[in-house]
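Here is a short tour of one protein model, meant to be read with the structure open beside it. We begin at a single residue and then widen the view.

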Amino acid sequence: LSVYMKLRCVCVCKADDGIRDAQEARGLGDVYRRQKYTYSERAQEAKEDQQVPNRIVIIGGVACGPKAAARARRLDPDADITIIERGDLLSYAGCGMPYYIAGEVETADELMSTASGAVRDAAFFKSVKAIRCLNRTLAERIDRDRKIVEVVSIESGERSEIPYDKLVLATGADAVVPPLPGVDLKNVFRLNHPHDAEGIRSAVSDGCQKACLLYTSPSPRDS
């Protein structure tokens, strides 16, 4: 009986030790798993904190450039978006210029305004859409290897570089002036910008009664 009791006590002790060992092992495993999970979360958070916003650079304003910028902002709320525009007016409705000349649109500001009356200038895009706009800035060169746009301020001549991850070319087109005698005379206009429309409207207000419209369209084989 005494031998049986000793063997039973040894077995019970060993069993208790095994249970404690198993519990400790499970506890250490739980701690490891918790630590591993915590480290993974921390690594992910650190990665997210260090993530650089997507840099989108758009060359050109008027209609296409600002539309592209607004669309990019909706798709990527955290993107760093920059518009480069060589003119002094960032965004305007070019198709409305004939109506401004005719007087149906009263002021040139209406060509640059939203439906609520806000003028779509650089301050508007910065405050409302968080888009940086560089007016009177010329994009001189694109370095595709370095993903850099080299720009120069038209007013100051200062040069700088703007890095990008995505680049949008929205430069549009310019009116072709034929090499004809007299194209530089007074009251010879192009219609490519609101300032051109203002000049034509001013000429009409000054008593101009006749006008000649010169334009060309592409031939079928060019289209």
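## A walk around the model

Cys212 is exposed, because its relative accessible area of 77% is over the 50% cut-off. Please keep in mind that this is a predicted model. Cys212 sits in the segment after H5. In sequence, Cys212 and Val188 are 24 residues apart, while their C-alpha atoms are 9.5 Å apart in space.

Val188 itself belongs to the loop that links strand S7 (166-169) to helix H5 (194-205). With a relative accessible area of 44%, Val188 is partly exposed. Val188 also takes part in a nonpolar surface patch of about 540 Å², together with Val177, Leu180, Val183, Leu185 and Leu214.

Ser113 is placed in the loop between helix H3 (97-102) and helix H4 (122-129). Why does Ser113 count as buried? Its relative accessible area is 18%, and the limit for buried is under 20%. Beyond its neighbours within four places in sequence, Ser113 makes contact with Ala118, Val119 and Arg120.

Asp143 is part of strand S4 (residues 137-143). Asp143 is buried as well, at 11% relative accessibility. Which residues does Asp143 touch, if those up to four places away in sequence are not counted? They are Ile148 and Tyr164.

| Side chain | Backbone atom reached | Distance |
|---|---|---|
| Asp143 | nitrogen of Arg146 | 3.1 Å |

Now for the whole chain. The protein has five helices and seven strands, and from the N terminus on these elements follow the order α-β-α-β-α-α-β-β-β-β-β-α. Of its 223 residues, 23% are buried, and Ser113 and Asp143 are among them. The accessible surface amounts to about 16,400 Å², with carbon and sulfur atoms contributing 54% of that area. How much of the contact set with a separation of 6 or more comes from residues 24 or more positions apart? Such pairs account for 55% of those contacts.

Notes. Residues are numbered from 1 along each chain as its sequence is written. This is a predicted model: local features need pLDDT of at least 70, side-chain atom pairs count only at pLDDT 80 or more; totals for chains, interfaces and linings use all residues. Side-chain values use heavy atoms; hydrogens and water are left out. Patches are made of residues with over 30% relative accessible area and no salt bridge: like charges are joined within 9 Å, nonpolar side chains (Val, Leu, Ile, Met, Phe, Trp, Tyr) within 5 Å. Accessible areas come from the Shrake-Rupley method with a 1.4 Å probe; for residues, only the protein chains shown count as cover. A salt bridge is a side-chain nitrogen of Lys or Arg within 4 Å of a carboxyl oxygen of Asp or Glu. Helices (H or I, at least four residues) and strands (E, at least two) are DSSP runs, numbered from the N terminus. Buried means under 20% relative accessible area, exposed over 50%, partly exposed in between (1.4 Å probe, protein chains only). Contact means heavy atoms within 4.5 Å. A polar contact is a pair of N or O atoms within 3.5 Å; within protein, one must be able to donate a hydrogen and the other to accept it, and residues adjacent in sequence count only if both atoms are side-chain atoms.
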